Amino acid sequence: MQESWQKQETYEVLVIGAGQAGLALGYYLQQQKKNFLLLDASPRVGDSWRNRYDSLRLFTPAPYCNLPGWPLPLPKDYYPTKDEIADYLEQYAQCFQLPLALEQKVNSVTKTSGIFQVQTQKQLFLARQVVIATGPFQRPFVPNYATNPTDSILQLHSYQYHNPAQIPAGKVMVVGAGNSGAQLAVELAQTHEVHLSVKRPPRFYPLQLLGRSVFWWASKTGAIYAPPSSFLGKKMLKQADVVYGRELEVLLQKGEVQLRPEIRAFDQEQVIFQDCTQTSFSSILWATGFRPDYNWLQILGSVAENGTPVHQNGISPIAGLFYLGLSWQRSRGSALLLGAGRDARYIAEQLS
């Protein structure tokens, strides 16, 4: 077995994931004239954006969505749609002729005699170095409760939601008040009676301050690039995420979206909340985020007991193994488009 794979081509670098992080790294690897390949499970570059809910718009203006070498060709005060970002990523890969292998879902990554073996559902790839750029959105998370809702309640996770037409008539409960939960609550309030279940009341932040995007201020002050080990980084990590924009805040003030506490349990169609109130719902939309899933990474010491990857600034203790695009990998911006190029250049320097 070992003799057979040793006859295969061995890439200098194999990048798992061809989203914004993987593509940005591909740009720098091409400049370094590396023999590399980008693997992705999707049939098209950009599908991770393309498959999200129809109305999704970024809260970062176009100038803060650029990847290295080719700016996003949209007006500076424009907030891109998810399809515009998907098409930009696809065109970016084409523009720089980045080497891609699509529809290659990775089943396992192992390492033998200093060479990584990356087995997809179609074939085996070999590499001296591997960068995992699969991003923070991996396994959809839904909380567990002592009792479950009846099957008559439609339940969707946010990754399954596309538009209000999926949601039957009646009361809908959105669970989770991050930016996705806030946007979905605002959209569904146009067609449904919406209740929003949260651990704590959401904090709202305007998209602009003194006529400038908040990301302009965050970039100019360096706050968006503050390392998690810095004083500012530690302070931001302790704070709950903010909801950008004021749309939900206005609807809450008007009573057009009802704010509810955390869920305690279910009794058929009834949801029992922590304040002991009960309400029946026809549907529940779980905007409760994602959890890491690295079961396919079968190298001892690469993943912690809690399932998160072991790394320092994206550098694994496993020689030749790196990460890119993780939340707070090097800063608050690491998992955002505006941080992809900065972190990709850093990892490319480590690879060289």
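Which residue forms a salt bridge with R50, the closest N and O atoms being 3.4 Å apart? That partner is D87. Before going on, note that this is a predicted model, where local features need pLDDT of at least 70, side-chain atom pairs count only at pLDDT 80 or more, and totals for chains, interfaces and linings use all residues. Residues are numbered from 1 along each chain as its sequence is written, and side-chain values use heavy atoms, with hydrogens and water left out.

A salt bridge here is a side-chain nitrogen of Lys or Arg within 4 Å of a carboxyl oxygen of Asp or Glu. The whole structure holds seven of them, including these:

| Pair | Closest N to O distance |
|---|---|
| D47 and R50 | 2.6 Å |
| R50 and D87 | 3.4 Å |

E90 lies in helix α4 and R50 in helix α3, so their bridge ties together parts 40 residues apart in sequence. Salt bridges that share partners join R44, D47, R50, D87 and E90 into one network. D47 and R50 both sit in helix α3, three residues apart, about one turn of the helix. Helices (H or I, at least four residues) and strands (E, at least two) are DSSP runs, numbered from the N terminus.

Now for burial: buried means under 20% relative accessible area, exposed over 50%, and partly exposed in between (1.4 Å probe, protein chains only). D47 is buried at 8% and R50 is buried at 15%, while D87 is partly exposed at 30%.

**Rings**

Rings of Phe, Tyr and Trp (its six-membered ring) pair if their centres lie within 6.5 Å; planes under 30 degrees apart are stacked, over 60 edge-to-face, and the rest tilted. That rule gives 16 aromatic pairs. One of them is F59 with F215, stacked at 5.9 Å centre to centre with 20° between the planes. This pair links distant parts of the chain, 156 residues apart: F59 is in the loop between α3 (47-50) and α4 (82-95), F215 in helix α6 (residues 214-221). Both count as buried, F59 at 19% relative accessibility and F215 at 3%. W216 and W217 have ring centres 4.8 Å apart and planes at 90°, so that pair is edge-to-face. Elsewhere, ring pairs link Y27, Y28, W70, Y88, Y92 and F96 into a cluster.

One sits over a ring if NZ of Lys or CZ of Arg is within 6 Å of the ring centre and within 35 degrees of the ring normal. R291 does this over F141, 3.7 Å from the ring centre, and R52 over W49, 5.3 Å from the ring centre.
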